[in-house]
Amino acid sequence: MIDLILEATLPPLQFPGLATLLSRGFYFPVTPGSTIRETLESQAGISPDYVKNRIQTVFLNGKAVDDMGTACVADGDTLSLSAAMPGLAGATFRKGGFYASFRKGISYHDRPDFSWSAEGSIFIRLFNFVAREIGPLFLNAGIRLLEGDFDFFLRENGPDAAAVVSQVLLCGAPVTWAALIQREKNGEDVFLRILFPGR
């Protein structure tokens, strides 16, 4: 795995391309069998108030979740998180919302074949305000990306990101931004940390 640290000179909201990067998704280590709430609060360090009030739309493997305190994650799951979305679609998919009955066919239900294991990881996708607000928590701790997703980020935001990064450490050694882009690609995942000022 490629170990990469970027030291940013600007706060997260001004760092180019972060929302797009986080919406494409990243891997996060979890304890399988934990509820979504436990995963976000105890393992990711997100405040209970934020989990309860700010995260309004939750999908686990493409199924809308109404209760994060009962839905459990398994190794390999995909978890998508968003603030409240506008319009009827937003009201329909909002957790525990009035229109939840409209989406019975795509709502999460407990899995009788749940597979327990000692450790695992899930694929997390963050959208809109949630990406901007809690994405930096994940980035500061470090996230695992598919190399293709990281290279997409470099291609789309390279010049702008390079302008706000003071140092790049690749496997512990300082490198230039150009060297990062031109590195040999071998399909390895990228473990990325972005260190923002004041964090």
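Is arginine 37 buried, partly exposed or exposed? I looked it up: arginine 37 is partly exposed, at 26% relative accessible area. My cut-offs are under 20% for buried, over 50% for exposed, and partly exposed in between, with a 1.4 Å probe and protein chains only.

Ground rules, before I go on. This is a predicted model, so I take local features only at pLDDT of at least 70 and side-chain atom pairs only at pLDDT 80 or more, while totals for chains, interfaces and linings use all residues. Residues are numbered from 1 along each chain as its sequence is written, and side-chain values use heavy atoms, with hydrogens and water left out.

Entry: salt bridges.
Side chains of opposite charge can pair when their charged atoms come close. I call it a salt bridge when a side-chain nitrogen of Lys or Arg sits within 4 Å of a carboxyl oxygen of Asp or Glu. Counting that way, I get 6 salt bridges.

I started with arginine 37, which bridges to glutamate 41 with the closest N and O atoms 3.6 Å apart. Glutamate 41 is partly exposed too, at 21% relative accessibility.

Next I checked glutamate 133 and arginine 54, whose side chains form a salt bridge at 2.8 Å, N to O. Glutamate 133 is in helix 5 (residues 128-141) and arginine 54 is in the loop between helix 3 (48-53) and strand 3 (57-60), so this pair ties together parts 79 residues apart in sequence. I find glutamate 133 partly exposed at 33%, and arginine 54 partly exposed at 32%.

Then I went to glutamate 147 and arginine 183, a salt bridge with its closest N and O atoms 3.3 Å apart. Glutamate 147 belongs to helix 6 (residues 147-162), and arginine 183 to the loop between helix 7 (177-182) and strand 10 (190-195), so parts 36 residues apart in sequence are tied together. Glutamate 147 is buried at 9%, and arginine 183 is buried at 10%. I also noted a salt-bridge network that links Glu147, Asp151 and Arg183.

Entry: strand 5.
How many residues of strand 5 are buried? I get 4 of its 5 (residues 78-82), so I jotted it down as mostly covered. I count two strands as paired if DSSP finds at least two bridges between them. Strand 5 runs antiparallel to strand 3, with 4 bridges, and parallel to strand 6 (residues 120-126), also with 4 bridges. On the strand 6 side, threonine 78 has phenylalanine 123.

Serine 80 is buried, at 14% relative accessibility. Leaving out residues up to four places away in sequence, serine 80 touches Thr57, Val58, Phe59, Arg125 and Phe127, where contact means heavy atoms within 4.5 Å.

Entry: cysteines.
How many disulfides did I find? The count is 0, with a disulfide taken as a pair of cysteine sulfur atoms within 2.5 Å. I looked up cysteine 72, which is buried at 19%, and cysteine 171, which is exposed at 54%.

How values were computed: Helix = DSSP H or I, 4+ residues; strand = E, 2+ residues; numbered from the N terminus.
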